[in-house]
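Here is a short report on one protein model. Keep the structure open while you read, and find each residue as it is named.

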Amino acid sequence: MAPREGYVSVNGLRLHYLEWPGDGPPLVIQHATGFLAWVYTPIAERLSSRYHVYAYDARGHGDSDKPADAYSWRDFASDLAAFLEALSLRDVLAVGHSLGAKSALVCAAQRPDLFAKVVAMEPPIFPLPDAGPDLPDELTGLIEGARRRRQVWPSREEIFRSYRQRPAFATWREDVLRLYVEHGTQGREDGQVELKCPPEAESLTFAGGAQSADEIWRLLPRISCPTLLLVGAETDPLYRASAEEAARRIPGARLEAVPGTTHFLPMERPDVVAQVIERFLVEG
């Protein structure tokens, strides 16, 4: 079923969203840095049999507005609260991946009145507590790599072939990678295509996520709703450590690993991830 598309104005920006109408309670999916709502279509379609599913493009991503600055974790968490309020959503089931996971956790700590449950997949909360002020090498590499990312390509098929050979995308299910290539790009007047997420916006998002991370760690114990932390069983140790620390700080939180997956678990095994999410939301 093709989702409905819409726009909502929040915090002075226009955010694009997808909607899979269902008879159940509202469930909102938030994507990772550099991606967009369409990538989570397989998960949204499965969950829409039980929930009314929304997924939106974060600022700087997809078809949402792309400001020149304001890409801190506070901005993304504020956008989530404003999005829910703009659509009059309450008792929300929040599902977030990476950037989206961190936004969901922060927002649930700041606005407990909005959330019923949270599923946070691989939240990148760095630096870790007591790790010192320096950013981990992995995050520094992401910031610099995003800034240098190639934005303009001759065709979508060339993007697909090139990305398929890269370690970060090689394990994705083919249909999910094609969703990213199709909806995460736009045509140009010269006949080429370009990524919808500008490299600078992606880089700023990575950098903004690391500002005052100690404040996020202090916020997590305020989360009062049932929370599931999901990690890929084969993920980078740094991401696992972040999820484990978050699970320790959030009262009653559960931690679960999805076999055969990395940091990109919802792209690699979306059916399995959707099953795990649904089981938690139904059974608690």
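**The largest pocket**

Remember that this is a predicted model. Start with its largest pocket, which has a volume of about 580 Å³. A total of 30 residues line this pocket. Closest to its centre are Thr 33, Leu 142, Phe 206, Tyr 239 and Phe 264. Sorted by class, the pocket lining holds 18 nonpolar, six polar and six charged residues.

**Two cavities**

The structure holds two cavities of 30 Å³ or more. The table sets them side by side.

| Cavity | Volume | Lining by class |
|---|---|---|
| Largest cavity | about 100 Å³ | five nonpolar, four polar, two charged |
| Second largest cavity | about 40 Å³ | four nonpolar, three polar, one charged |

Leu 15, Gln 30, His 31, Tyr 56, Ala 58, Arg 59, Phe 76, Asp 79, Leu 99, Gly 100 and Ser 103 line the largest cavity. Both α2 (73-86) and α3 supply at least two of its lining residues. The largest share, three residues, comes from α3.

Leu 15 sits in strand β2. Is Leu 15 buried or exposed? Leu 15 is buried, with a relative accessible area of 0%. Its neighbours come from several parts of the chain. Beyond residues up to four places away in sequence, Leu 15 touches Gly 6, Tyr 7, Val 8, Val 10, Tyr 56, Asp 57, Ala 58, Arg 59, Ser 64 and Asp 79. Take Ala 58 as one case. Leu 15 and Ala 58 are 43 residues apart in sequence, and their C-alpha atoms are 6.9 Å apart in space. Leu 15 and Ala 58 are also among the residues that line the largest cavity.

**The nonpolar cores**

In soluble globular proteins, nonpolar side chains tend to be buried together. The largest nonpolar core here has 45 residues. Which of them touch the most other members? Trp 172 and Tyr 180 do. Helix α12 (residues 270-283) supplies the largest share of this core, six residues.

A second, separate core has 40 residues, including Tyr 17, Phe 83, Val 106 and Ala 120.

Go back to Tyr 180 for its contacts. Leaving out residues up to four places away in sequence, Tyr 180 touches Gly 34, Phe 35, Leu 36, Val 39, Tyr 163, Phe 169, Trp 172, Thr 185 and Leu 195.

Strand β1 (residues 4-10) and strand β2 (residues 13-20) pair in the antiparallel sense over seven bridges. Arg 4 stands opposite Glu 19 in β2. The two strands form a hairpin, with two residues between them.

Elsewhere, three strands make an open sheet in the order β7-β9-β8, again with antiparallel pairing. β7 (152-153) and β8 (185-187) are the edge strands, each with a single partner, so one side of each has no neighbour in the sheet. Two bridges join β7 to strand β9 (residues 193-195).

**Backbone spots to check**

Asn 11 lies in the loop between β1 and β2. Its phi is positive, about 50°, although Asn 11 is not a glycine. Asn 11 is partly exposed, with a relative accessible area of 44%.

Ala 70 is another such case. Its phi is near 70°. Ala 70 lies in the loop between β4 (52-56) and α2, and at 31% relative accessibility it counts as partly exposed.

The peptide bond from Phe 126 to Pro 127 is cis, with omega near -5°. Pro 127 is in the loop between β6 (115-121) and α4.

Notes
Residues are numbered from 1 along each chain as its sequence is written. This is a predicted model: local features need pLDDT of at least 70, side-chain atom pairs count only at pLDDT 80 or more; totals for chains, interfaces and linings use all residues. Side-chain values use heavy atoms; hydrogens and water are left out. On a 1 Å grid over the protein atoms alone, a cavity is a set of points where a 1.4 Å probe fits but cannot get out, and a pocket is an open set with protein on both sides within 12 Å along at least five of seven lines; lining residues have an atom within 4 Å of a point. Grid points are joined across faces, edges and corners, and a volume is the space filled by probe spheres set on the points. Ala, Val, Leu, Ile, Met, Phe, Trp, Tyr, Cys and Pro count as nonpolar, Asp, Glu, Lys and Arg as charged, and the others, Gly among them, as polar. Two strands pair if DSSP finds at least two bridges between them. Helices (H or I, at least four residues) and strands (E, at least two) are DSSP runs, numbered from the N terminus. A nonpolar core is a set of buried Ala, Val, Leu, Ile, Met, Phe, Trp, Tyr and Cys residues joined through side-chain atoms within 4.5 Å. Buried means under 20% relative accessible area, exposed over 50%, partly exposed in between (1.4 Å probe, protein chains only). Contact means heavy atoms within 4.5 Å.
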